[in-house]
Number of protein chains: 2
Amino acid sequence: MAQQHRAQSTRQELIRSAAEVFHRCGYADSSITTISSRAAVSNGALHFHFKSKRALGEAVEAAAAHKLLCLTGPVSLRHPDPLRHLVDTSEALAREIKGDAVLRGGFSLCDDAGWHGGVDLWEQWHDWVHLMLTVARDRGGLAPDVDLADAGSAITAAVAGFAVLSRKQPRASSPRAVSGFWRLMLPRLAGDGTRRQAAADRTAPMVWPAEGSPEQCWELEGACCVA
Amino acid sequence: MAQQHRAQSTRQELIRSAAEVFHRCGYADSSITTISSRAAVSNGALHFHFKSKRALGEAVEAAAAHKLLCLTGPVSLRHPDPLRHLVDTSEALAREIKGDAVLRGGFSLCDDAGWHGGVDLWEQWHDWVHLMLTVARDRGGLAPDVDLADAGSAITAAVAGFAVLSRKQPRASSPRAVSGFWRLMLPRLAGDGTRRQAAADRTAPMVWPAEGSPEQCWELEGACCVA
């Protein structure tokens, strides 16, 4: 049992190490030796877990997709303010891309011309953003002249752009920049001044209604996160 | 003279070929042989012009920076509508990144973890966006509650994000997406409904006043473009 736990821990450390090296050097320039050294394991131990650099890339990608799913979580039709949830989640994503090596490495792979993977994290993010905007519209929380496709693309592109720009400018704060984007965009999306004020008021505690029956919620399967 | 012209033409073709290969494969995975084959010249001829792959990367970067300078052009304080000029130029940039191999390759290098160059094209673009926003504010064309830093960062990030996202989704139209971003953002920046309408009205012909004395203009040195 202890051996199984150790093997699992080594595997996680290798995924984390690979994510850091892919992010810093790009996939093509990342070497197996650099990754194993950073994880403090031998090349042999690395090959016990991953048969190739490509297998490591796929593991980083899958782990990042799972983390993104945890971050966005289940989408509830009963959320009191879908737009605010969208703002909070995009700010959380910017913080996590900055602070979490696996998520950062996964998004770096996604934008890497030298990597051809099977997961598009930005598409996954875009689909969730579009879903939240649809919920906001259905609940009357979106200005009537806002085009869903325009808004979904703009929010996805802004978060992607801040992530890419902060890679070569480590002093640039991507989370702060995302908040600045929302200071401009939120009043435009919400339209109504009262609603806008309520959504922008970060001091008000978030009060969630009790969850209803499963029919009242859209739940993404497997959207649970092990801390 | 004919020989000099031919040498210049070969050099341009090599820069264009390198830009295409860097964009498609990433800098680290791009080989000198692929670049010379694509330009239909020998490896020897390539080395006559560029002593290394790095020298080719620097040439692509410099050519893209020059093209970006041509696109943004001189900034005139007498421009009748600085916000509209900003919209038009960012849409033109998205079109050029899609259609011009050198500009596209230069921006790809800029976002490439395997390339460490001396030029930051996104910073160059951000500085120009910030300058245009400042001109718009000075002329009373910006809503009073718009923060210049927020707006400059949001516009830069959106254009960068669309460029990055369209790399792996060739069917995604970056220029169309940039226009969608502006449909949302322009009314928010302009604030005033009348001005917003005038700025959004793409059918009205652009009428430029006669240029004034050099003192009345901010002109970027060398901002002329050889077609």
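This is a predicted model: local features need pLDDT of at least 70, side-chain atom pairs count only at pLDDT 80 or more; totals for chains, interfaces and linings use all residues.
Let me begin with a definition: helices are DSSP runs of H or I with at least four residues, strands are DSSP runs of E with at least two, and both are numbered from the N terminus. On that basis chain A holds 10 helices and 2 strands, and from the N terminus on the elements run α-α-α-α-β-α-α-α-α-α-α-β.

Residues are numbered from 1 along each chain as its sequence is written, chains are lettered from A and ligands numbered from 1 in the order in which they are written, and side-chain values use heavy atoms, with hydrogens and water left out.

Staying with chain A, buried residues (under 20% relative accessible area, with exposed meaning over 50% and partly exposed in between, for a 1.4 Å probe and protein chains only) make up 48% of its 227 residues. If we take contacts, meaning heavy atoms within 4.5 Å, between residues at least 6 apart in the sequence of chain A, then 73% of them join residues at least 24 apart.

Now to the pair of chains. Two copies of a chain are related by a rotation about an axis and a shift along it. Here, with least-squares superposition on the C-alpha atoms of residues with pLDDT of at least 70 in both copies, a rotation of 180° with 0.0 Å of shift along its axis places chain B on chain A at an RMSD of 0.0 Å. The two copies are therefore related as by a two-fold rotation axis. Which residue of chain B comes closest to that rotation axis? It is B:Gly161, whose C-alpha is at 1.9 Å.

The contact takes 39 residues from chain B and 39 residues from chain A, and because 100% of the interface residues of chain B are also interface residues in chain A, the copies meet through the same surface. The buried area, which is the accessible area (1.4 Å probe) that two parts lose on being put together, summed over both, is about 2900 Å² between chain B and chain A, with carbon and sulfur atoms giving 64% of it.

Across this interface the rule finds 2 salt bridges, a salt bridge being a side-chain nitrogen of Lys or Arg within 4 Å of a carboxyl oxygen of Asp or Glu. One of them joins A:Arg183 to B:Asp150, the closest N and O atoms being 2.8 Å apart. The elements giving two or more residues to the side of chain B that touches chain A are H1, H6, H7, H8 and H9 of chain B, and the largest share, 13 residues, comes from H8(B).

That brings me to H8 in chain A, residues 148–168, whose 21 residues reach 31 Å from first C-alpha to last, close to the 30 Å expected at 1.5 Å a residue, the expected span being 1.5 Å times one less than the number of residues. H8(A) is mostly covered, with 17 of its 21 residues buried.

Finally, a point on backbone angles. A:Ala40, in the loop between H2 and H3 of chain A, has a positive phi near 55° although the residue is not glycine, and A:Ala40 is exposed, at 68% relative accessible area. B:Ala40 has a phi near 60° and is exposed at 71%.
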